[in-house]
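Take a walk through this fold, from overall confidence to the sheet and then to the aromatic side chains.

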Amino acid sequence: MLANLITIGFLATTALAHGDHEHQIPIAGPHKALWYNTLPGDGGTQADSVFSGISTFGRLPYYPCLASEDVKFDIAFIGAPFDTGTSYRPGARFGPSGIRQGSRRLNLYGGYNVPLKTNPFNSWATIIDCGDIPVTSYDNTWALHQIEEGHNALLSRSPATDAKEKGPAINGKTLPRLLTLGGDHTITLPLLRSMNRAYGPISVIHFDSHLDTWKPKVFGGAPSKVASINHGTYFYHAAQEGLLANDTNIHAGIRTTISGPSDYENDGYCGFEIVEAREIDTIGMEGIIKKIRDRVGLTKPVYLSLDIDTLDPAFAPATGTPETGGWSTRELRTIIRGLEGINLVAADIVEVAPAYDTNAEHTTMAAADALYEIMSLMVKKGPLSKMMIDEEGNEIAEL
């Protein structure tokens, strides 16, 4: 009986509402002041709430960059949803969308980075989210080709700032910077192939718990050419293909078990120095920062690749191959900030597999925060044309 009365009441109310609506004067628009307010201080303009709207990285503007060349940018985020090169837990194909979800609060209060004294969301740089590279999940060889070509299509464009100024790329060009959201770590090989086309052999800072320089016969047995390229061997292939600058590459955060000492010898042949995760207990964060800076230097272009399993699973459980004994989110962010002044020309973050995360989104938020620090470093460094000017303001002939 009560249910019937409620239903009758609802229908009557609805009918009255429709009846009244016919006699109401429509609200004239647009009334932008209802939704977009000027915030106090340095906050800018009110946008959607952090829990609403379409998810882009840090709520940056979205543009389908691979569908059109009508928009210019200085820094762009691009997703590479690929995870068929994993050896343990799949799921990183959802990494790009998960990281974007985890980044929603980054500029809630304006986006100013207090330790680095910069605001990457309000600076000289035009920064956008270009969406994802369309990647097949049925053919690894074709997928890696898609990632390389998609990345290079964006990397080779003229930036919004200083496009005509001399820069560090091949033929003296100034190019935009790209931040790639993975995807498993296999994607770094096609990304380095793209970088090589633009810059030649490049120095790499590699944050990870694993070496990822294993010979294919050691890691997976390499039953075929396709299987030989995976998230544990891509740096071996990169070294074989001449994509890495000699003896200027470094791992940081390593703590995995290995097949034997020969794995470390092979790693040296691939051009890497190793910073173990446990060294934070002896030389501290400052010592780790110094090792990285001394290795890659301050004059050449540098590519940064960050595997989220650099963090301890207590801070980032949602990853394909978790290893205990890692760094905290605070420690990693401090170490990244310590790279200020290094010429970061591009970066990726990989192995985020949201299905294994907690309801609190620990991993995706940690990944987004690490990218925020990297983006801040790039913005604070200025356009890549600045690499061609020394501290006295003199033009550098070549790098």
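What is the mean pLDDT of the protein, and what share of its residues reach 70 or more? The mean is 90, and 87% of the residues reach 70 or more; pLDDT is the predictor's confidence in each residue, from 0 to 100. Residues 5-19 stay under 50, and the model gives them zero contacts beyond four places in sequence (contact means heavy atoms within 4.5 Å). This is a predicted model, so local features need pLDDT of at least 70 and side-chain atom pairs count only at pLDDT 80 or more, while totals for chains, interfaces and linings use all residues. Residues are numbered from 1 along each chain as its sequence is written, and side-chain values use heavy atoms, with hydrogens and water left out.

Now the sheet. Eight strands form an open sheet in the order 2-1-3-8-7-4-5-6, with parallel pairing. Helices (H or I, at least four residues) and strands (E, at least two) are DSSP runs, numbered from the N terminus. Two strands pair if DSSP finds at least two bridges between them. Strand 2 and strand 6 (272-276) are the edge strands, each pairing on one side only. From one strand to the next, the twist averages 15°. Strand 7 (residues 302-307) and strand 8 (residues 344-350) run parallel and are joined by six bridges. Leu304 has Ala347 in strand 8 as its bridge partner.

Helix 3 (residues 140-155) touches strand 1 (75-80), strand 2 and strand 3 (177-182), and its direction makes about 150° with that of strand 3. Axes are lines fitted to C-alpha atoms, for helices over the stretch in contact, and angles run from 0 to 180 degrees between N-to-C directions. Helix 6 (residues 261-269) touches strand 5 (249-254) and strand 6, at about 130° to the direction of strand 6.

Next, the rings. The structure holds five aromatic pairs: ring centres of Phe, Tyr and Trp (its six-membered ring) lie within 6.5 Å, with planes under 30 degrees apart stacked, over 60 edge-to-face and the rest tilted. Phe121 and Tyr372 are stacked because their planes lie at 15°, with centres 6.3 Å apart. That pair links parts of the chain 251 residues apart, with Tyr372 in helix 9 (residues 362-381). Tyr234 and Phe235 have centres 4.5 Å apart and planes at 40°, so they are tilted. Tyr234 is buried at 0% relative accessibility (buried is under 20% relative accessible area, exposed over 50%, partly exposed in between; 1.4 Å probe, protein chains only).
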